[in-house]
Amino acid sequence: MSLNKRHKSFVYEDEELMSQFQKGNENAYIELVNRYRNKLINFVFGYLGDKELSEDVIQDTMLKLYQKKHYYREIAKFSTWIYTIARNQANTELRKRKRRKTSFLSQMTKKEQDYDIKDKEPDLINKLQNEYVGNRIHRAIQLLPEHFKDVIVLRDLQQLSYDQISEIVSVPLGTVKSRINRARLQLQVELQDLK
Amino acid sequence: MNRYQFEDLVSDYIENQLKSNQRKQFDEYLEKNKDAQKIIDSVISNISDTKKISQIEVKEGFNERLLNLIDKNAKGLSQISKPAGTIFGFTPISLSIMTIAMIAFLVSSYEIFSLTNPDSNLSIVDSLTKKNEVESDVTTQNKAKIMAEKNDSTSLNKPNKSKLDYSKSIKFVKD
């Protein structure tokens, strides 16, 4: 007789993990880091446009999560809280960048890049095309005003709900919708040549 | 519907958030304006391309680096390290400046105190004795003053006598 019991894997909610971490369970903290590190780096990358810098910001975000765990209250969703911390860290980095007045080569020009395609496999062509489109979209997002940038990244890149976005950026729902609409129209103008 | 109203409703239209009468007006506007339809198609295409952007991932060893950062910060908070070459936490230059300032303060305080109190160079016992002598002099002087005032007829500060009676010396005459 074979035992064929299927064990349902129990997945803790983020809020439950946070509660355990607050009680001292550091494994819960590691699990939260694993769940959110890639989501947050994509959010911050959309904001800053630099991968190395985005990773540093995420490290600082996770460090803050570790140090300020007792500030979290279950009234708000954990995802809203962690995104807010990441956004604040990214804003701090943006302000530092403005003071330093540095710019990134990737943002300096909209000049078309020539891609030498050695391999004629269609997959590679598609991959390069998608990469090119992705880079253009990222660059166009970087050119948006700050208050449009964060909402469009949270909505179209991160696919968060309007309510969550409203909580993260601390503006009314109507304002969030209006900003997303304006941001999309500006992106449409910026990316006209892609079509 | 005008151009501004159309632009305000683009996202709601794409996300199917318009009410039926608004949607009807929006569709009518699109039929009349081909440019407007191009804008809608372009926005939909951008949203779709944005969702397909390949997701980046953190570099290998992210968790190890994070745990090192946490340890480093924890150590930094527990140990308050004094920088090398300091005396009681102060650099030699700042300590000497503070010492000079303190000495100057003490000297100037002593000088000011000396100016306001000329007897300040006497010992405490002598100053107390001197104080008693001064007090007894004051008491004697006050007594003499009081006696002088009593005997002084020109003084206005006479004790309050009863009202003088002029009825015998002054007579009121009716007209």
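# Briefing: a predicted model of chains A and B

Helix α3 of chain B, residues 20–32, has 13 residues and should span 18 Å at 1.5 Å a residue; its end C-alpha atoms lie 19 Å apart, which agrees. The model is a predicted one. Chain A has 9 helices and 0 strands, and chain B has 7 helices and 0 strands. Between the chains, 29 residues of chain A are in contact with 28 residues of chain B.

**Helix α3 of chain B**

- Of the 13 residues of α3(B), 1 is buried, so the helix lies largely in the open.
- The loop between α2 (10–14) and α3 of chain B holds B:Asn16.
- B:Asn16 is not a glycine, yet its phi is positive, near 60 degrees.
- B:Asn16 has 7 C-beta neighbours inside 10 Å, so it counts as exposed.

**Chain B as a whole**

- From the N terminus on, the elements of chain B run α-α-α-α-α-α-α.
- Chain B has 175 residues, and 5% of them count as buried.
- Take the contacts in chain B between residues at least 6 apart in sequence: 35% of these join residues at least 24 apart.

**Chain A as a whole**

- Along the sequence, chain A reads α-α-α-α-α-α-α-α-α.
- Chain A has 195 residues, and buried residues make up 33% of them.
- For contacts in chain A with a separation of 6 or more, residues 24 or more positions apart account for 64%.

**Helix α3 of chain A**

- Helix α3 of chain A has 17 residues and should span 24 Å at 1.5 Å a residue. The end C-alpha atoms of α3(A) are 24 Å apart, which agrees.
- The buried residues of α3(A) include A:Val57, A:Ile58, A:Met62 and A:Leu65.
- A:Ser54, A:Glu55, A:Gln59 and A:Thr61 are also among the buried residues of α3(A).
- Helix α3 of chain A, residues 51–67, is one of the elements that give two or more residues to the side touching chain B.

**Packing of α2 on α7 within chain A**

- The axes of α2(A), residues 26–48, and α7(A), residues 146–157, come within 9 Å. These axes cross at roughly 140 degrees.
- That angle makes α2(A) oblique to α7(A).
- The crossing in which α2(A) passes α7(A) is right-handed.
- From α2(A), the residues that meet α7(A) are A:Asn42, A:Phe43, A:Gly46 and A:Tyr47.
- From α7(A), their partners are A:Lys149, A:Asp150, A:Val153, A:Leu154 and A:Leu157.
- By class, this contact of α2(A) with α7(A) has 5 nonpolar, 2 polar and 2 charged residues.

**The interface between the chains**

- On the chain A side, 29 residues touch 28 residues of chain B.
- The elements of chain A that give two or more residues to this side are α2, α3, α6 (122–142), α7 and α9.
- The residues of this side of chain A divide into 15 nonpolar, 7 polar and 7 charged.

**A helix pair across the interface**

- By class, the contact of α9(A) with α4(B) has 3 nonpolar, 3 polar and 1 charged residues.

- A:Gln159 sits in the loop between α7 and α8 (162–169) of chain A.
- A:Gln159 is not a glycine, but its phi is positive, about 55 degrees.
- With 9 other C-beta atoms within 10 Å, A:Gln159 is exposed.

**The segment after α9 of chain A**

- A:Leu194 is found in the segment after α9 of chain A.
- A:Leu194 has 15 C-beta neighbours inside 10 Å and so counts as partly exposed.
- Leaving out residues up to four places away in sequence, A:Leu194 touches A:Val133 and A:Arg136.
- A:Leu194 and A:Tyr132 are 62 residues apart in sequence, and their C-alpha atoms are 9.9 Å apart in space.

Key. Residues numbered from 1 in each chain as written. Chains lettered and ligands numbered in written order. Predicted model: local features only at pLDDT ≥ 70, side-chain atom pairs only at ≥ 80, totals over all residues. Nonpolar A, V, L, I, M, F, W, Y, C, P; charged D, E, K, R; others polar. Axes fitted to C-alpha atoms, helices over the stretch in contact; angles between N-to-C directions. Helix = DSSP H or I, 4+ residues; strand = E, 2+ residues; numbered from the N terminus. Parallel < 35°, antiparallel > 145°, perpendicular 65-115°, else oblique. Left-handed = near helix turned anticlockwise from the far one by under 90°. Contact = placed C-beta atoms within 7 Å. Buried ≥ 20, exposed ≤ 12 C-beta atoms within 10 Å, placed from the backbone. Expected span 1.5 Å × (residues − 1).
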